[in-house]
Every structure is written in structure tokens, then in C-alpha cells.
Amino acid sequence: MTPPASLMDARLVAELRQSIQHCAERGLSVASKWSSELYYAIPSNKRDGLTSEAFATFSTSTPARSRSPRPSLSFADPSPASSAALCIPVIPGNQTHLPSHFSDVRAQETELEIQDEAALFAARAFMTAKEFTRVEFTVKNCKSAKAQFIYVYSCFLAAERKAQRDWYRQNNTRGQPPVPINRLLTTLLDMVKNTTDPWLLFLKAVFLSRLNRREEAIESILRSISGYHWNWSVWTLLCSCVGDGDELTALLPLLPLPATHPLILMFQIRTMNELHSPSEHELAMCDRLLGDDCFRDSAWVMSLRACALYHLHDFGQAEQQFEKILAIAPHRIDDIDVYSNILYVTDNRLKLSRLAHEFLELDKDRPEVCCLVGNHYSLRAEHEKAVKYFRRATELDRTYLSAWTLMGHEYVEMKNSHAAIEAYRRAVDVNRKDYRAWYGLGQAYELLSMHRYALYYYQHATALRPYDVRLWQAQGACYEEIGRLKEAVECLKRALLGADPRETTIHMKLAKLYEELDDQAEAAAYHRRVVEICRIEERPVQDYAKSSIFVARHHMVIVGGDLLLAKDYLERVANSNAEEVVQASDWLKKLKSVLIARPPIPITEENSDR
């Protein structure tokens, strides 16, 4: 059997290495950090060997650069952005035989970057210091594609900062909009509307996405990826544009990379995690990425896997994965909030307390750490302190979804429904694809006995997570409260599809609803299922005594009922220590008189109830 091809060959390693510099030079610190983490995670012997091989290949295949007496500097490296100036789609296999004038365009771009060298160095320093207006002024008259990107990007960041400041100034006032409003977005979009540069196409997609022009944003993202693959920020933006799993499936064939490319695998896993619906397929992809031929020691990929396990509710394996991450990267804060959620759900107070104290000392001004500490206090039932830390997390990052949602949960615990609703609404404003915020809104309105409102929000949550048993049960409860019992039955039947086969609570609820609908046969069928499950599980008779009596009584009163079954059920209850012993004994006496008057007819499979 032929072993699978390596995911990371020499060319991909070299591209990843170059992307660290390409992203950093443009101020894309998150993308540069991501590339650095992955490059560092490649086993050193493989990384060094592949890099040497890649540069040996490039030394024999790269055209000579234009003459320049100056030494090569980081800002003077050939820019990958120049490839898009000719609208050449970069797809697998088309990079080996480029048109001859491509080298001329790249050389021209190199010359422009050399001319802009001093301004680019200064701009990079100002960008690091977050002095965005100084960056604008410094590169305003520069001609290189890199400088144009930095100029537009700094204009955007400066406008974002102003919008945030204005929004916080209106905090807790009636006139405060749900989200900060950047009034410069349309102007910025006009600056890049005709661009073919892959980096500027990324910014164009950002502006279109913020203006709720999703389809156009996706188109710009695909063009940007075609021009330059290794900008992780553009992949993250694409992830946020995907509405559900079906959209992702439709999008994958449009991406200009093969399905086995590491970027495609990582994008697919990340998107399914964001949609809270990963599967075993995504776990298999993680295992492939963590193979010896790829990113074996990558804490980032391990974190993807841990989050997938968390969304699959495999908390034991997820906890083990996070422990492994902290063993190789003990100061890594990214996704530590997810780990704290796992410890909260598993009621691991000791480990959560230790983690909260360690990371609070490490960096108290990271929203993830505030969320971790909030979970710590929540587990100790100190809800006011938990709210304080969740609020602090939202002040550090307004778009931090988990903090808004968890704050809403705390207010529900405190029976403060109005504050909970406000927190959940903020979460929905940040991300309408998160089912937890919609579910929380439903719970808050249920506390206010506003069941029709609650039903509306539960339906939204169910649409986002159609296989979640809790959501269907919540919908069923609301339908029951407003007297729509048939709809409640349908919801609970839908809940059974994803429930544990040994589950009895939903069966009991269905039996009760059918009793209220005066459908005794269906009610008896669900009660009988409860008895069968309990007997298989060898549960105490008390757990199914009521169901046994209901089934027995039903068979005693209907024509052709199974009297032997009724006798068996009643005797089992009558001989137990359940509360229903007297009731079972009375029915057993009645059954004996019925047996004398009407001998039992053996029930075959063909004419049995259910």
C-alpha cells in the first residue's frame, strides 16, 4: 500500500516561511504570528532540510533581480502582490512557466519598494506602536503596492479606533448603536474597488463584509487567496462569511487549492468549529495535520482539535488535549477560555482554580483570562464577581462573543432576566451564527413567562444546531405552555432522534402529552418503551412503576389487550417497594376477575401493539 503523500513539501515550507515576513511587513500581526507558530511546529530536521532544498531550487529558477547597488533589505524583497497586477490566477501547477513580462513587473515593484524603503521602515515602526495616523502620513505619497496596502489599512484602523471611542462614549445611553459604526468604510471601499492586488483585495473583502455585502466579500476573498495563499487573516474572514455547513460544502470546490492542501484542511476545521458542528471527519483532518510529515508539535493545530472535541461534547478527550498543549506551551493564552469551559462543565473546581490564579498572574488584561476567572467564580456560585470579570472581558474586546454569552448565563442564575437579555442581544450582534446566544435569549424570556418570545429564539437556535436535543426539548416545553400540544409532540419526537437510546425522560414527556391529547394507545406505547429501557438497564422498579401500571391498565380496558403482559407488569410493581404497590395490587385483583371472565389470548408479533 502506497503511503499518503506528505502534506508539507519543500515549496510549501518555503512559502510558509516567507509569509511570516510578508504579513509582518504589512502590519498583519495576527497572520504573521499564525505563520510563525506553524513554521516553528514543523520538526526541525524536516524544516531545515526542506528549507535548504527549497532555496537550492529557487537559486536555479528565480530570474535575476534588477540592478541595484544597495544590499538586499527586508522591505526590498520581491512582493507577491505584483502577481495580481496582471490578474494571473495562482492555482496549483501554474507557477512554473509564467509569462516573461511577469519578471519585469516584479522587478519594477522591487524598485518601487527600494525607493520607498525609508518610509516603509518608519511605517512599520509606527504600526507596531499603533500610531495609525502617522502611518497614513508617512506612506501617503509612496508608489509601491506594499505602501498602498499599509496606507489603506492604517486609514481603516484609525477609523476603527475613532468609531470604538465614539461608541464607548455613548455607553449605557439610549442612543448607543448595537455596534460601533465606522463611517469611513464606503470611502475606503472606493479606494480599493478596482484593485487586483491580493493584499488590497483582502481589505476590500473586509470593507464589503462590514457593509453586509457578503457575496461580494466572498468573491474578493477568493481572488485574494488566488493571488496569495498564506495570509491567514483572509481565511479567517472567509470563515466568518460562511453561514452553515452546506455553504461550506458549496464553497470548497471554488477555492484555488487542492482539497489536501494544509490551508484547506485548517480552514475547514476552523469553520466547522465556528459553526459549533465539527464531526469525526474534522478530527481526522486534525490528526493528519499533526502527523510527523506536517505540524507535529503545533499548539495551534492541537487547539483546533481540542475545540472540535469540546463541540462534540467529548470533554474528557478535550481536557487531555489541552493538558498536552499546556505541557508544550505553558504560557499560551489563546483558547484558554474554552479549556475553562470544559473544566466548568466537568465541575473540576481544583484545576479551574489553579488555572485561574496562574493565568491571572500571567496577563490579567487578556479577555480570555478574564473569561477564565469569570468561570472560576461562577463555579463557586459567586455570580456578581463572575459578571465583573465577564464585563471586563467585553471592555477589552467588544467582539468577544463568549464573554457576552457567559455574562447572560450569570444574569439568568441571578434571576435578572432583563440584564441577561441585554447581554445575549450583544452576543447576537457580534455573531448571529452562535446558537448559545439565541438559546440564552429563549431561556431569559421563559423566566419572564413570555413563551411566544422564547419560542421565537429557540427556533433560531434550533436552525443553527438542528441535532441538539436540549433545543428541541426547550421548543417542546414552550409549545406545551401555550397549549399547542401537537407541535410539542413533534418537537419531542425530533429530540428523540439525537437522544441517548437509553433516555427515558423524553419518552415519559411524550406519554404525558399523548394522555392530554386523549390518545391512550400512543401514550401506552411510550410508557411501554420506558419500562423496556428500565428493565434492560436493570433500574429499580420505582423508576418505571407508573409506566407499568399505565400499560397494564390500558391492556385491561382495550379489546384484545395483552392480559398476560398486564399481569407481569402489575406483579413486578406489587412485589416491589415502590410507592405504587397498593395501586398495583388493586389493579391486579381487578385483572384476576377479568382473566376469569375473559381468558387471555396470546399476542403474536403480527397483532401486537408496537
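A residue is called buried here when its relative accessible area is under 20%, and that word will return at several stops of this tour through a predicted model.

Begin with the aromatic rings, of which the structure holds 18 pairs.

Next, select tyrosine 514 and tyrosine 526, an aromatic pair that is stacked, with 5.8 Å between the centres and an angle of 10° between the planes. Tyrosine 514 belongs to helix α27 (residues 505-516) and tyrosine 526 to helix α28 (residues 520-536), so the parts that this pair ties together are twelve residues apart in sequence. Both tyrosine 514 and tyrosine 526 are buried.

Then move on to a group of rings by selecting Trp438, Tyr445, Tyr453, Tyr456 and Tyr457, which together form one aromatic cluster.

For the last two stops, look for arginines placed over rings. Select arginine 26 together with tryptophan 199, and you will see that arginine 26 lies over the face of the tryptophan, at 4.3 Å from the ring centre. Finally, select arginine 134 and phenylalanine 126, where the arginine lies over the face of the phenylalanine ring, at 4.0 Å from its centre.

Methods:
Residues are numbered from 1 along each chain as its sequence is written. This is a predicted model: local features need pLDDT of at least 70, side-chain atom pairs count only at pLDDT 80 or more; totals for chains, interfaces and linings use all residues. Side-chain values use heavy atoms; hydrogens and water are left out. Rings of Phe, Tyr and Trp (its six-membered ring) pair if their centres lie within 6.5 Å; planes under 30 degrees apart count as stacked, over 60 as edge-to-face and the rest as tilted. Helices (H or I, at least four residues) and strands (E, at least two) are DSSP runs, numbered from the N terminus. Buried means under 20% relative accessible area, exposed over 50%, partly exposed in between (1.4 Å probe, protein chains only). A charge sits over a ring if NZ of Lys or CZ of Arg is within 6 Å of the ring centre and within 35 degrees of the ring normal.
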